[in-house]
Amino acid sequence: MLFRSGRRTAHPAYQTLGTPNGYELAIIRDLTNGKQFSLTSYNRATGLTTVIPGTTWVDTSATAQPTQQNFYFGISRDGVWAAIGVKDSNTTPGFAGKLLAFRTDGTQPAVDISPAVWPTTNSWFDGSILFTNDFLLVAGSYGWHWTSATNPTTLQPLALPNVTSNNGANIRVYTVSWRVSPDGSTAYFPIDSNTTTARVNMDMAKITNNGGVPLAVNYTQFTAATGMAEFGYSAITPSNV
């Protein structure tokens, strides 16, 4: 069985995210300023709630109570580190999203690990956020990025192998389709290179640690055009064959 360590918190049923090290993470909205949001950390042992420093943001919407349902969480295997993708409700070009990494106990300020240079003015991280033992991997509207899992800094593009069947570069991200091995050493996610039709030329990428840098290799190397089912929205249900 493979291990999945992150989930969305947009749905009301997922108002908090429990971590393996004894904390509950939550997103709160300011009572007086409905555009202002923050992250809190609740210590299950002591009952102490902390607003995590550096995690407060203000939405740019003209609406007094903007609909903020674009949050994506990922947590490390030990629960010490977490990350969240923040996307402004204003999607007009110029409002790029950002990615914050933070310690779940709330004792240190969050780190803005967004790329130093955005490829477009309205890019955002609207997909997977996952941790291996060594790396934090993030998917967004323009591909996969990585940074250290234990000392996160500015995200860097993740170099991926070509799809074997047409020797094409990956051009798609399947945002809910990924897995991390039980020992935390390896991540897997699909790559897709067909420029006109999705799920025609696909392979599976395998990411491991190569001296402190992620090494992505083509794990399946299908010689014929192959479409794969995604891992799915749960551990047992594939979707979108």
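A residue is counted as buried when its relative accessible area is under 20%, as exposed when the value is over 50%, and as partly exposed in between. In the predicted model described here, F135 has a relative accessibility of 4% and therefore falls in the buried class. W146, with a relative accessible area of 11%, is likewise buried.

F135 is part of strand β11 (residues 135–140) and W146 is part of strand β12 (residues 143–148), so the contact ties together parts that lie 11 residues apart in sequence. Another edge-to-face pair is made by Y188 and Y219, whose rings have a centre-to-centre distance of 5.4 Å and an angle of 65 degrees between the planes. Because Y188 lies in strand β15 and Y219 in the segment after β17, this pair ties together parts that are 31 residues apart in sequence. The two tyrosines are assigned to separate accessibility classes: Y188 is buried, at a relative accessible area of 15%, whereas Y219 is partly exposed, at 48%.

Two salt bridges are found in a search of the whole structure. One joins R44 to E24, and the closest N and O atoms of this pair are 2.9 Å apart. Distant parts of the chain are linked in this way, since R44 is located in the loop between β3 (36–43) and β4 (49–51) and E24 in strand β2 (residues 23–29), 20 residues apart. R44 is partly exposed, its relative accessible area being 38%. The other salt bridge is formed by R172 and D192, with a separation of 3.2 Å between the closest N and O atoms. R172 lies in the loop between β13 (156–157) and β14 (179–180), while D192 lies in strand β15; this pair, too, links distant parts of the chain, 20 residues apart. Both R172 and D192 are buried.

Strand pairing was examined next. Four strands form an open sheet in the order β6-β7-β8-β9, with antiparallel pairing. Strands β6 (72–75) and β9 (111–112) stand at the edges of this sheet; each has a single partner strand, so one side of each is left without a neighbour in the sheet. Within the sheet, strand β7 (residues 81–86) and strand β8 (residues 98–103) run antiparallel and are joined by six bridges. I84 has L100 of β8 as its bridge partner.

R199 is not a glycine, yet its phi is positive, at about 60 degrees. This residue is found in the loop between β15 (187–192) and β16 (202–210), and R199 is partly exposed, with a relative accessible area of 24%. Q221, also a residue other than glycine, has a positive phi near 50 degrees. Q221 is placed in the segment after β17 (213–218), and its relative accessibility of 48% puts Q221 in the partly exposed class.

Key
Residues numbered from 1 in each chain as written. Predicted model: local features only at pLDDT ≥ 70, side-chain atom pairs only at ≥ 80, totals over all residues. Heavy atoms only, no water. Pairing = 2+ DSSP bridges. Helix = DSSP H or I, 4+ residues; strand = E, 2+ residues; numbered from the N terminus. Buried < 20%, exposed > 50% of the residue type's maximum accessible area, 1.4 Å probe, protein only. Phe/Tyr/Trp six-rings, centres within 6.5 Å; stacked < 30°, edge-to-face > 60°. Salt bridge = Lys/Arg side-chain N within 4 Å of Asp/Glu carboxyl O.
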